[in-house]
Amino acid sequence: KIIKDNYNGLNKIYNDEGKLLIKFFKKKGQNHGLYKEYYPDGQLKMEMEFSNGVINSIRKEYYPDGELKYKGGGEYMYRNWGRLQSYDSNYNGVCKEYHPNGQLSEEGECNGNEKIGIWKSYFSNGQLYREWLENGYHRWMNNQNKINMKNYFMREFSFSGDLLEEHEYCNETKDLIIKSYLKSGEVNSKIIKHKKIVIENVSWNKNNFQFEKEIDVESLFRK
């Protein structure tokens, strides 16, 4: 609930128990200046700065114990009366996310709201889990029928560092090549799609690969 709602100046939002959740400033009805969110126990949850309704600084997010969770830019999603909304960001630069143990979880570069260039994510032991050329890769994977994908690549590794799978897509030819690998490094399967139509699908030792991927990725990766 909002205890103090100013068109200009300081605003504060509390929960039903009277604990401060959000403290921010407005200028002519838009967020402008320092913005902070808190956990119910008072621990800082997130901080950033606005300029005329747009994020114009590095955003820092924290775990409940105070450890740094995220440092960077990009669009910030939040819920307003149950509806998912977002704040735009003008921040350009490196973005980093961390595991609760302090190990780097993900890193790459942001240009405003967009992720650009090569991104990498890691297991909690520091081992590389995935690297990819962003170019809208995650939006394309979630909605392949509606997103016009640019050139990209993706490589996925096991908890012990073995290459499991790689994707390569060429926007000029509309060809997508997906390969999976065995622990020995041998190619286990290969799929080629041209304009979303499968033109080649070869598998040499599919069951062995599925077992390894289930153990190494789905059971051990934090996400």
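The structure is a predicted model, in which local features need pLDDT of at least 70 and side-chain atom pairs count only at pLDDT 80 or more, while totals for chains, interfaces and linings use all residues. Residues are numbered from 1 along each chain as its sequence is written, and side-chain values use heavy atoms, with hydrogens and water left out. A search of the whole structure finds six salt bridges, a salt bridge being a side-chain nitrogen of Lys or Arg within 4 Å of a carboxyl oxygen of Asp or Glu. The count of disulfides is zero, where a disulfide is a pair of cysteine sulfur atoms within 2.5 Å.

- Helices (H or I, at least four residues) and strands (E, at least two) are DSSP runs, numbered from the N terminus.
- Buried means under 20% relative accessible area, exposed over 50%, and partly exposed in between (1.4 Å probe, protein chains only).
- Strand 15 (residues 152-157) is largely enclosed by the rest of the structure, because five of its six residues are buried.
- Two strands pair if DSSP finds at least two bridges between them.
- Strand 14 (residues 128-133) pairs with strand 15 in the antiparallel sense over three bridges, and R130 stands opposite E156 of strand 15.
- Strand 15 is also joined to strand 16 (residues 163-170), antiparallel, by six bridges; F153 has E168 in strand 16 as its bridge partner.
- Five residues lie between the strands in the hairpin of strand 15 and strand 16, where G161 takes a positive phi near 100°.

**A salt-bridge network across the strands**

- R155 forms a salt bridge with E131, with the closest N and O atoms 3.5 Å apart.
- R155 lies in strand 15 and E131 in strand 14, so this pair ties together parts that are 24 residues apart in sequence.
- R155 counts as partly exposed at 28% relative accessibility, whereas E131 counts as buried at 15%.
- E166 also forms a salt bridge with R155, the closest N and O atoms being 3.7 Å apart.
- This second pair links distant parts of the chain, with E166 in strand 16 and R155 in strand 15, 11 residues apart.
- Shared partners join E131, R155 and E166 into one network of salt bridges.

- E166 is buried, with a relative accessible area of 13%.
- Contact means heavy atoms within 4.5 Å.
- Not counting residues up to four places away in sequence, E166 touches M154, R155, I177, I178, K179 and Y181.
- E166 and R130 are 36 residues apart in sequence, and their C-alpha atoms are 9.5 Å apart in space.

- The side chains of K115 and E106 meet in a salt bridge of 3.1 Å, N to O.
- K115 counts as partly exposed at 30% relative accessibility, while E106 is buried at 9%.
- C95 is buried, with a relative accessible area of 0%, and C110 counts as buried at 3%.

**N31 in strand 4**

- N31 is found in strand 4 (residues 30-38) and counts as buried at 8% relative accessibility.
- The side chains of N31 and Y87 are joined by a polar contact of 3.2 Å.
- A polar contact is a pair of N or O atoms within 3.5 Å; within protein, one must be able to donate a hydrogen and the other to accept it, and residues adjacent in sequence count only if both atoms are side-chain atoms.
- Leaving aside its neighbours within four places in sequence, N31 is in contact with F24, F25, K26, F50, S51, N52, G53 and Y87.
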